[in-house]
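Student: Can we go through this structure together? I'd like to start with the helices and then jump around.

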Amino acid sequence: MAHDSSYTDQKFNVIGSRVNRPDGVDKVTGRARYGADTTAPGQLVGLILRSPHAHAKIKKIDTSKAEKLAGVKAIVTSADLPDLTGGDRAMLDILENSMARDRALYDGHAVAAVAAIDRATAKKALKLIKVTYQVLPHVTDVDEAMKPGAPIIQPHIRTPGDDSDQPSNVSGIVPFGHGDIDAGFAEADVIIEKSYKTEQTHQGYIEPHACMASVNSDGTGELWVTTQGHFSFRNVCAALLGMDVAKLKVTSSEIGGGFGGKTHVWMEPVALCLSRKANRPVKVVMSREEVFRASGPTSSTSMDIKIGAKKDGTITAASAQLRYQGGAFPGIWGMLGAMTSFACYDIKNVKTVGYDVLCNRPKVAAYRAPSAPMAAFGVESTMDLVAAEIGMNAIDFRLKNAASEGTKASYGPTYGPIGIKPTLEAVKNHPHMKAKLEKNQGRGMACGFWFNFGGQTCTDLNIGIDGTVSLTVGTVDVGGSRASMSLIAAEELGISYEQVKTHIGDTASLGHNDTTEGSRGTFSSGMATIFAARDAIEVLKQRAALMWEIPVADVVWEAGSARAVGAAHGNLTPLSLADIARKSPTTGGPIAGHNEVVADNAGVSFASHICDIEVDPETGGTKVIRYTVVQDAGKAIHPDYVEGQFQGGAAQGIGWALNEEYIYGEDGRLQNPGFLDYRIPVCSDLPFIDTKILEIPNPNHPYGVRGVGETSIVPPLAAIGNALSNAAGVRMDHVPMSPPRILKALEALG
Amino acid sequence: MTATLVSTTVNGDAVQFACPNDETLLDSLRDRVGLTGVKEGCGTGDCGACSITLDGQLVCSCLVLSAEVSGREITTVEGMVEGGQLHPLQQHFIDGAALQCGICTPGFLVAAKALLDRNPDPSEEQIRYALAGNLCRCTGYDKIVRAVQSAAVEMRK
Amino acid sequence: MRYEAPTTTKQAATLLAQEPGVACILAGGTDLLVKMKMDMIEPDLVVDIKRIPAMQAITASAAGAKIGAAVAGAALGKHKALIKSWPGVVEAANLIGSDQVQGRCTMVGNLCNASPAADSVPAMIAAGAKAIIVGKDKRRTVAVEKIVTGPGQTSLAKGEVIEAITLPKRPPKSGDAYLRFTPRTEMDIAVVSAGVNLTLERGVIKTARVVLGAVAPTAVLVPAAAKAIIGSKLDETALEKLAAACAAACNPIDDKRGTIEYRTKVAGVLAVRTAKIAFQRAGGSL
């Protein structure tokens, strides 16, 4: 099915223009209010006591001394958070992660919490709580956790497909693929088989988790919180605390970064529980150390990749076994890794298996294209090895095997029009490829993929008496999407961008909206905005018909005005949106449009990156000299913010590739829970990041939009690995590729 | 005496508050003076989100005790607007899409202003090293550096 | 916690001597406030030394230099005369943290915090710096390498405070330099570092001091490394001996910032690079 080029040719009035975002002034003046930027009368400070052990039975918690301390208003433990889940294991996991029940499952696991009149009192109270632990053996490595005899994290977990009823740390084994890989490998002239390991990283948002919880004795409550999904937080918190959903109003503050880490509740249920017990508002703000120890980093992994190809470059078979640890609770991370591994390619015989493994680490949360970067590191590194073995150019090898429209993806579905080949062609012809390389410098490239999601969305569009438009969306704005929403509404209504103001509505103002994740914000809320605007246009046409006293069938909406069509009405002056709005009190009242949709068929987004890196052969030190991102956005609503997503994801991937890792000691405790030793890139570490937006429209969106926020973090790990190989001849198989690892590899080369 | 009555100047205004001696200027500015433009990203001087100037010198307010600042002059991001107009850096950050979530933006603006006040024509490398104390996780720094460069051009006119 | 801001060094020393509880000196606060935030220390008394004139001054002349204990890195980085005589000392101090940290941190604070990886220390020791220590009743002057006795520990007695650092008279044809290895370009604690100070006579190294940081519980002055390059113009053989002497002097640990193997290897690499810079600054040609 050839793609409909009318999307490519569609002429837009405002879509694609680089307007200033509506929240910009607030954010550059310090006026914008984030999670910790709120106060409430009578507020208390909430602090959480956390386990210093990686794995321990909690024998006893004695809060008696702490309760007597003047100024302490409430102390809670798991006794104050009874299991109301009715057998819903996923909910019980969330409850147990917010507050340990019979065991502490990781260093930093919450075991008790205090609300007091000030921070000093709360700190003193924490010190007075006496917890009796019985330390248990722990395991933090994904491969160690899979071995027989490893300490068991959750005794109810059984290895799928294993009838022995033995407790296990393997909660999931999920295969994908098609064809016959044995036959495929038999056909291959060249086979490369290699294992890789990646360490755990954190999303690293600069704003720690923070909330103000206020529960009243009548069962109503409010939660002000930094979150990617206030509706989802409402549902979860209400369920865990036994509150009615409609009685808990959750307002999302401005969010200081999330990248998936703020799609889950961490300490919010505990904050609400403290507030309920104290009958006063309680403010809980995580310290940076708590963020690292007790929110949701991404998985550490190990994987085995095998690719076979003919001399002419055709891949005949590819397989991957990927092992992802999800922390102390079951997750779907291995499954996602198995889905994304070979998604860029058209391979006749492919098999991937994702393992989900538990260990004594914090509960893993999504981190921008979750699980894809690790799998891509293994696959894209191996692709370069195969290409080298055949003697084929790395880009040409990928082009030869790239997926296209009609390809059956390795994870199941058949692709519509997609951008992997165009991004590869663009990379091949990009000026970056011609830039001169100096001594000790090398160039590498890699591809990446992410699904992108749709999901439940609800939007209101209200027209003010002066014709300006209030758009209320329910997807939290993590990167500037309010500007895009305003552009979309303006485009549909045919008015200027400045006439629209987009707000993020609280949970009392809209129906359910899924979390801003899966690159769904612009896609889903954008789609709902389009339909809400079209809904409003119908009303506007009716009002115009009423004002003109003509049939509504004779009214069209064009260029921001109602026009009467037909010879009989030829001399009627068009009515602008403002004209109609002004008369609205007498023509039927407020004019609005509304839409609920489960936005579907978000287009997949492919990218190819190029990286030039310089290696100091005597120290293993590295410097990224040049970086280019080419990614398919379908349609870029606001190019500045699309570029921003490309650059931000690439920077995170670069940090992940070179320096970021969770370092655990033999005692199972996290040794680097701070920005000093958890090393994210600083400004002087990076060059300008060049971007090229391709637009292969998504046929399932009215404007062709694809989600763009996530794919950009997927290629950098391998782009850098491949660049290092070309710079210094070392093939790195352990991420991060830090200086000691690089130096060791260089020395092994001899 | 475990508390101090601090009399200081913030963004040109006389300000007075009492606080425990171990309270940081970051906490006092946010919780007592009501200026929440300074942010706690780490509390240990590693992220720069709490950047202010103290007697004209760029510092992290999380590493200053409020007890120290009596008689001194503090400027925060809230003091950058002049006569109701955004400072060129603020305008260029908006125009150049140099912010995504915006949490690091106040710190960057204060640090960038401190840079341009002492060096009106910095090279790209000088900008990057001067801003190395400000962490951003959203932008990859690209548009931030460009916004500082374009603001510097305007400010030199 | 009590807070005092005395205006003379003697007052500061007296306050420290008389405090029965935990007393801490506050200069830039870039170590103290971090420790307080992380609950590693709970001072009963903090003595702010920034209002003491004797601690705020920098003087630099042909006779030598004196840097007050409260002088921030940013001020050092602006002092042209000091940079001219002791570029290594200044660049080392200026590597401590970001511009924000430089607005507050001090060399003496860096020294007395006594981290094995402290940036200012190897360069100060290489320069032959001395510390002027003031107690309640007396003053003494001590070579900087005698101050730090172990990680987080100094030889200062209770009630003693360093008032200033002195740097000796600078002979002509002298140069010093400091390099460190960090995984990022900024904001990291040194994984390994080297400070070299040398003087030439007729183009050949006459005197030298080579100091390594972050490879032992304290900064290490390596006489064998100095011996390796004295009498040379940093030819290949001398540099190899220098690197070997440095590797031999290392006694590092494995920690979250580096391994024994890595630190030992890179110590030699850095010493060679630092020696070359110091040599060129002294007027030598490579």
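This is a predicted model: local features need pLDDT of at least 70, side-chain atom pairs count only at pLDDT 80 or more; totals for chains, interfaces and linings use all residues.

Student: Okay, helices. At what angle do the axes of H12 and H13 of chain A cross?

Tutor: They cross at roughly 105°. The axes come within 9 Å. H12(A) covers residues 372-390 and H13(A) covers residues 394-401.

Student: So what do we call that arrangement of H12(A) and H13(A)?

Tutor: Roughly perpendicular, because that word covers angles from 65 to 115 degrees.

Student: Which residues meet there?

Tutor: From H12(A), Glu380(A), Met383(A), Asp384(A), Val386(A), Ala387(A) and Ile390(A). From H13(A), they meet Ala394(A), Phe397(A) and Arg398(A). By class, this contact has 6 nonpolar and 3 charged residues, with no polar ones.

Student: New topic. Where is Thr502(A)?

Tutor: Thr502(A) sits in strand E19 of chain A, residues 500-504.

Student: Is Thr502(A) buried or exposed?

Tutor: Buried. Its relative accessibility is 3%, and the cut-off for buried is under 20%.

Student: What does the side chain of Thr502(A) make a polar contact with?

Tutor: The side chain of Ser486(A), at 2.7 Å. Leaving out residues up to four places away in sequence, Thr502(A) touches Leu471(A), Val473(A), Arg482(A), Met485(A) and Ser486(A).

Student: How about Met187(C), what is its phi?

Tutor: Positive too, at about 75°, and Met187(C) is not a glycine either. The loop that holds Met187(C) runs between strands E11 (174-181) and E12 (192-201) of chain C.

Student: Buried or exposed, for Met187(C)?

Tutor: Met187(C) is buried, at 8% relative accessibility.

Student: While we're on chain C, what are its domains?

Tutor: The domain assignment gives domain 1 (2-167) and domain 2 (174-281). Their C-alpha centres lie 24 Å apart. Between them, 26 residues of domain 1 are in contact with 23 residues of domain 2.

Student: And how is chain B divided?

Tutor: Into domain 1 (3-79) and domain 2 (81-156). Here the C-alpha centres of the chain B domains are 21 Å apart. The contact in chain B joins 14 residues of domain 1 to 12 residues of domain 2.

Student: Last one. Where does Ser66(B) lie?

Tutor: In the loop between strands E4 (57-60) and E5 (73-75) of chain B. Ser66(B) is buried, with a relative accessible area of 0%.

Student: What is Ser66(B) in contact with?

Tutor: Setting aside neighbours within four places in sequence, Ser66(B) contacts Val6(B), Phe17(B), Cys19(B), Glu23(B), Thr24(B), Leu25(B) and Ser28(B). The Ser66(B) side chain also reaches the backbone oxygen of Thr24(B) at 3.2 Å.

Student: And how far is Ser66(B) from Ala3(B)?

Tutor: Their C-alpha atoms are separated by 10 Å, and the two residues are 63 residues apart along the chain.

Terms used
Residues are numbered from 1 along each chain as its sequence is written. Chains are lettered from A and ligands numbered from 1 in the order in which they are written. Side-chain values use heavy atoms; hydrogens and water are left out. Axes are lines fitted to C-alpha atoms, for helices over the stretch in contact, and angles run from 0 to 180 degrees between N-to-C directions. Helices (H or I, at least four residues) and strands (E, at least two) are DSSP runs, numbered from the N terminus. Angles under 35 degrees count as roughly parallel, over 145 as roughly antiparallel, 65 to 115 as roughly perpendicular and the rest as oblique. Contact means heavy atoms within 4.5 Å. Ala, Val, Leu, Ile, Met, Phe, Trp, Tyr, Cys and Pro count as nonpolar, Asp, Glu, Lys and Arg as charged, and the others, Gly among them, as polar. Buried means under 20% relative accessible area, exposed over 50%, partly exposed in between (1.4 Å probe, protein chains only). A polar contact is a pair of N or O atoms within 3.5 Å; within protein, one must be able to donate a hydrogen and the other to accept it, and residues adjacent in sequence count only if both atoms are side-chain atoms. Domain bounds come from an automatic or database domain assignment.
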